[in-house]
Amino acid sequence: MPVNYEIKSQLAKLLATEDLIVENRNIETAQFDVERRILTLPMWKRATESVYDMLVGHEVGHALYTPNDWSFEGKIPKQFVNVVEDARIERMMKRRYPGLTKSFYAGYKELSDNDFFELDDVDISEMNLADRINIYYKIGNFVDVPFSDEEKKYVKMVGETETFADVILVSELIYKYCKETKNQEENDEPEVNSSNQSGDHGEETPDDGLSGGSEKKPSENQQNNESEPEVTTDSLFEEKSQELNGNIDNDATTGYYEIPNVYLDKVIVSNSTIHGELNESWINQLKVMEFNGVKHQADFTVVDKEFKNLKVSSQKEVNYLVKEFECKKSADVYSRSSVSKTGVLDCTKLHTYKYNEDLFRKVSVIPDGKNHGLIFILDWSGSMQHCMLDTIKQLFNLVWFCNKVKIPFDVYAFTNTYINDRNDYLIELQEEKVGTFWLGDDFRLLNILTSKVKTKDLDSQMLSLWRICYSMNNYTNYSYPAKFSLSGTPLHEAIVCLHQIIPEFQKRTGIQKLQCVILTDGEANPLPVYTSYNYNGLNKIGHRHIRPKSSYLRNRKTGHTYQFDYEYYKFTDVLLNDLKQTFPNTNFIGIRLSNSREMNNFIKRYVTLNEQQVKKMKKEKFFNIKDSGYDSFFAMNSNNLFNEVEFDVEEGATKAKIKSAFAKNLKSKSLNKKVLSEFVDLIC
């Protein structure tokens with residue numbers, strides 16, 4: 001079973017009990033940056049679950065308890081310090097997290113069973129003291145490790161170390177003991193006398209007066225041959241741990257990327273700017289203009305009348321939304337109400353004192369309902385052209401609903417065609433930082449509607465939007481500014497901006513429960529990231545695409561990491577999951593528009609429908625997907641987005657025709673009400 005690196009990163013972070021940054025990279029050994037508090041773990045691809053947990057616990061122990069102190073260098077070989085420090089930090093981790101004892105036991109048992117330390121053909125008793133101590137504290141539960149009475153004192157000292165200073169002291173004692181033992185063993189070995197080898201000739205070596213001195217003190221050759229003891233098990237542990245990584249050279253480098261700091265005042269085009277430009281355009285087109293002798297004047301009579309009719313006919317759906325919202329909100333408040341005793345006697349119950357102990361007055365405590373708010377993100381891409389008018393109708397229903405029940409709202413349309421000045425491309429939209437996502441120079445969010453304006457101004461702004469959307473599929477003798485033309489699909493850029501839009505909206509409005517609705521008819525391309533490169537000896541910053549499977553979104557605030565997969569649409573789910581973790585009190589609702597042919601394939605990405613669900617989906621023309629990046633993801637048939645059928649029959653029509661027209665009218669209203677009802681369920 002493949003290791004879930006996100007979960008293991010969370011394990012490491014939880015064990016560290018601090019805002020530790022955990023990275024899983026294709027490196028040989030674990031690394032810990034003490035100053036930046038970044039723990040980098042190898043991707044032990046060949047390790048089992050038990051071994052992986054043991055190694056994570058071991059490395060977090062170093063991160064928690066091993067200081068950045070190298071003062072022992074030159075006095076004690078690092079291997080000896082490693083042995084004692086490993087024993088100390090693992091003991092402290094088990095003490096701090098008793099549950100880890102099982103992980104260490106299972107992990108080391110597996111290593112022992114697989115002869116990780118290559119002991120099958122080795123006599124452990126012949127190994128030096130440091131090696132035996134290392135084996136004892138790692139796999140001593142599974143192999144017999146002999147010690148002399150004198151050596152047991154050192155074993156006990158290792159088990160009693162509490163501070164890194166203790167570790168240095170004990171490491172030095174063990175090192176000196178091993179060195180003395182090694183030198184003694186080497187000096188006790190019989191030496192070959194070269195003079196005896198020449199005795200075949202019957203000659204004696206003449207006494208030059210130096211031979212006596214050579215017997216009383218070590219020769220110069222002996223002094224130079226005092227070898228340093230080595231801890232082979234420490235080297236082996238590091239070497240074998242690296243083998244668990246797999247083939248590092250052939251693996252793509254793991255990348256950790258973050259949400260950038262966006263300059264919202266540059267990205268968001270304000271509501272006043274947008275409608276100031278639109279109003280100016282309408283006023284100019286109402287002037288009589290002459291082109292080549294032909295006079296022309298815009299006429300908004302038809303389109304404006306259509307808007308008024310829409311407003312009147314939509315009041316039924318809006319009132320239905322309001323009624324549903326108030327009923328469900330009241331039910332929620334009632335369910336959270338409680339009855340408390342006041343401590344004051346109820347005189348009307350005094351006569352029941354012989355059989356009733358409850359003689360006090362009671363009061364119902366009803367908590368205040370939560371304040372609601374709504375942020376709506378609208379897809380302003382070219383593929384929305386044929387359904388934009390119906391989309392705007394549904395959007396207007398929600399806006400009128402919010403305005404009627406006094407819910408603050410903001411509506412943004414994402415686009416990359418708004419700017420038409422070359423200088424606009426030079427505006428910095430975000431902090432230029434390596435390792436963060438790049439949004440693109442042409443991305444903009446249009447704040448097309450907001451609750452901050454008066455109701456009269458809101459109606460005027462909705463009329464302007466209606467004129468734009470109406471002219472997309474109908475012949476009109478007016479036009480709208482080119483910068484409001486439909487564009488690409490910078491959906492991911494909009495989601496990134498929500499990290500700053502949401503807290504700003506909450507602070508400004510004081511709302512407690514926020515609904516964020518994202519409406520789109522397609523997917524977007526994955527975002528590129530800022531990267532550094534060298535050009536003619538100079539460090540430059542550019543951008544490139546991420547590598548699936550080896551790239552992660554990292555959120556330093558929540559501590560979560562999310563792996564990017566190969567499917568392009570899953571990039572959106574990663575960004576949304578990160579948003580949900582960052583803003584747990586916000587409800588993220590997706591509305592995905594598609595035609596009948598595409599709808600089935602889209603739903604299959606997330607769920608396999610049974611026969612009954614397929615029938616229901618075909619009948620209702622929508623399906624609520626629960627298993628996606630959104631809290632609720634509505635797949636809707638774009639042909640039935642605003643399914644309003646007029647009850648209209650010819651004079652003198654038969655009963656059958658009247659019945660058929662009436663049934664169609666009820667069916668359309670039923671569908672609209674069901675969709676709206678589910679929406680109200682989500683926001684209450």
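Q: What is the order of the strands in the open sheet of eight strands?
A: Strands of a sheet pair through backbone hydrogen bonds, either parallel or antiparallel. In this predicted model, where local features need pLDDT of at least 70, side-chain atom pairs count only at pLDDT 80 or more, and totals for chains, interfaces and linings use all residues, the order is 5-12-11-10-13-18-20-19, with mixed pairing. Residues are numbered from 1 along each chain as its sequence is written, and side-chain values use heavy atoms, with hydrogens and water left out. Strands (E, at least two residues) and helices (H or I, at least four) are DSSP runs, numbered from the N terminus; two strands pair if DSSP finds at least two bridges between them.

Q: Which strands stand at the edges of this sheet?
A: Strand 5 (268–269) and strand 19 (622–625) do; each has a single partner strand, so one side of each is left without a neighbour in the sheet.

Q: How many bridges join strand 18 to strand 20?
A: These parallel strands, residues 586–594 and 632–637, are joined by six bridges. Ser594, for instance, has Asn637 in strand 20 as its bridge partner.

Q: Where does helix 17 lie?
A: Helix 17 (residues 455–473) lies across strand 11 (409–415) and strand 12 (444–450), running at about 130° to strand 12. Such angles run from 0 to 180 degrees between N-to-C directions, with axes fitted to C-alpha atoms, for helices over the stretch in contact (heavy atoms within 4.5 Å).

Q: What is the order of the open sheet of three strands?
A: The order is 1-3-2, with mixed pairing. Strand 1 (21–25) and strand 2 (31–33) are the edge strands.
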